[in-house]
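Subject: Structure for you to look at

Dear colleague,

I am handing over the structure we spoke of, and below it I have set out what was found, going from one part to the next. Please read the notes with the structure open beside them.

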Amino acid sequence: MAFINDHYLKLKAGYLFPEIGRRVNKFCEENPNAPVIKLGIGDVTEPLPAAIREAMHAAIDEMGDAGSFRGYGPEQGYGFLREAIAKNDFQSRGVDISADEIFVSDGSKCDTGNILDIFGANNKVAVTDPVYPVYVDTNVMTGRTGAADESGRYAGLTYLPVTAENNFVAPLPESPVDLIYLCYPNNPTGTVATKETLKQWVDYARANGSIILFDAAYEAFITDPEIPHSIYEIEGAKEVAIEFRSFSKNAGFTGTRCAFTVVPKQLKGTTASGEPAEIHPLWNRRHCTKFNGVSYIIQKGAEAVYSEQGREQIQGLISFYLENARLLREGLESVGISVYGGVNAPYVWLKTPGESTSWEFFDELLQKAHLVGTPGSGFGASGEGYFRLSAFNTRDNINEAVTRFQKVVS
Ligand code: MLT
């Protein structure tokens, strides 16, 4: 008899984005001529910058020559990319992270899920609410929760509400937690954490022996010079935090796949018998056992993100999407919608107008304006009454979306 992992049966229906896709496909089948604009999933639309493509082309040519062909690469990533990341993303900001603390991977979604492999099943886990659903679902899959209640909250998880009422600043947990997921700039709310807020979390983790799982996939969108890009900008964070970064949103790698995770050597957890244990060798062991590295071609493309031309070109992409976010924000505000985020992030988070629930508003927007967004409740119970629009789209689609949105709510 082959027993299944029963924890999967606790998962609510489908993963959020496929569920949206299902509803949109049904609508499109019934309305084949409707000009649907999708601002749901945060997937980039602009092409890979030239500097990245050129580096990939050159890498393909190397792979076609017996003298420079490469087979398996180092599981943790090639030295050239790990060095470039450490230097440009951390050391240049005064953060002492070294290349061997960087683990190159095929995505932050995978890494934030996979990281649970190296942590005990009995950890108390805290997430913000609303939250990127991967953090919650992977905890359910690995048996760290009980069943979901009617609002979709799983027993055993600690939910920290982030709403307009608390200015989207997560309160510290009332009872101690061991693993804390934080995502800044935040998906889905598009809000950011100040140095003071992050310091509170680092202090909390140090005082409680907790570990912070810090998802900084959207850090490149930070425009405010006072906002930290990395949790390691906070003193003591290297002892208590793992950071996840991605090339998906800043450099257009959603389809190409390249990301990295930072595991500082100082970071320690605790064994079942209460001894301190280093996290870095555990993640290294996990990574080498279950992963064979990102392709050389893709890593050469990622390295080019840090070249002079690469930097300029990706800055162009980031500015483009941030301008989209501004157009969405201001266009919605002009018709009286309460809007959050979208300044240091590619997501705009809004209050659903009137009494509509998030899913009701989703259906209304789809039916009346042929616009797709993401219902706030899909990110958690505290997201009810909110709605997310992604700024990842063409300028024409963003302008058209604003016009249609305004018509629906005016
Ligand atoms: C989102 O829309 O929240 C993102 O696309 C999710 C992701 O990057 O996996």
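Helices (H or I, at least four residues) and strands (E, at least two) are here DSSP runs, numbered from the N terminus. In those terms, His 370 belongs to the loop between α11 (358-369) and β13 (371-372), and its phi is near 55°, a positive value in a residue other than glycine. Please keep in mind throughout that this is a predicted model.

The ligand

Which residues surround the ligand? They are Phe 17, Ile 41, Gly 42, Tyr 132, Asn 187, Tyr 218, Lys 249, Tyr 347 and Arg 388, and this shell divides into 5 nonpolar, 2 polar and 2 charged residues. Of the 270 Å² of accessible area that the ligand has on its own, the protein covers 85%.

Within α3, the buried residues are Leu 81, Arg 82, Ala 84, Ile 85, Ala 86, Asn 88, Asp 89 and Phe 90; what covers them includes the strands β2 (102-105), β7 (241-246) and β8 (259-262), together with the helices α9 (296-303) and α10 (308-333).

Helix α5 (residues 133-141) is mostly covered, with 8 of its 9 residues buried, namely Pro 133, Val 134, Tyr 135, Val 136, Asp 137, Thr 138, Asn 139 and Val 140. The cover over these residues includes α1 (16-30), α4 (108-114), β3 (125-129), β4 (157-161), β5 (179-183) and β6. After α5 comes Gly 143, whose phi is positive, near 80°.

Loops and backbone details

Two peptide bonds deserve a look. The bond from Asp 129 to Pro 130 is cis, with omega near 10°, and Pro 130 is placed in the loop between β3 and α5. The bond that joins Tyr 184 and Pro 185 is also cis, with omega about -10°, and Pro 185 is found in the loop between β5 and α6 (195-208).

Is Glu 219 buried or exposed? Its relative accessible area is 12%, and because buried means under 20%, Glu 219 counts as buried.

Asn 167, in the loop between β4 and β5, has a relative accessible area of 61%, and because exposed means over 50%, Asn 167 counts as exposed. The phi of Asn 167 is near 60°, a positive value in a residue other than glycine.

With best wishes

Key: Residues numbered from 1 in each chain as written. Predicted model: local features only at pLDDT ≥ 70, side-chain atom pairs only at ≥ 80, totals over all residues. Heavy atoms only, no water. Buried < 20%, exposed > 50% of the residue type's maximum accessible area, 1.4 Å probe, protein only. Contact = heavy atoms within 4.5 Å. Near = heavy atom within 4 Å. Areas by Shrake-Rupley, 256 points an atom, 1.4 Å probe, with all protein chains shown as cover. Nonpolar A, V, L, I, M, F, W, Y, C, P; charged D, E, K, R; others polar.
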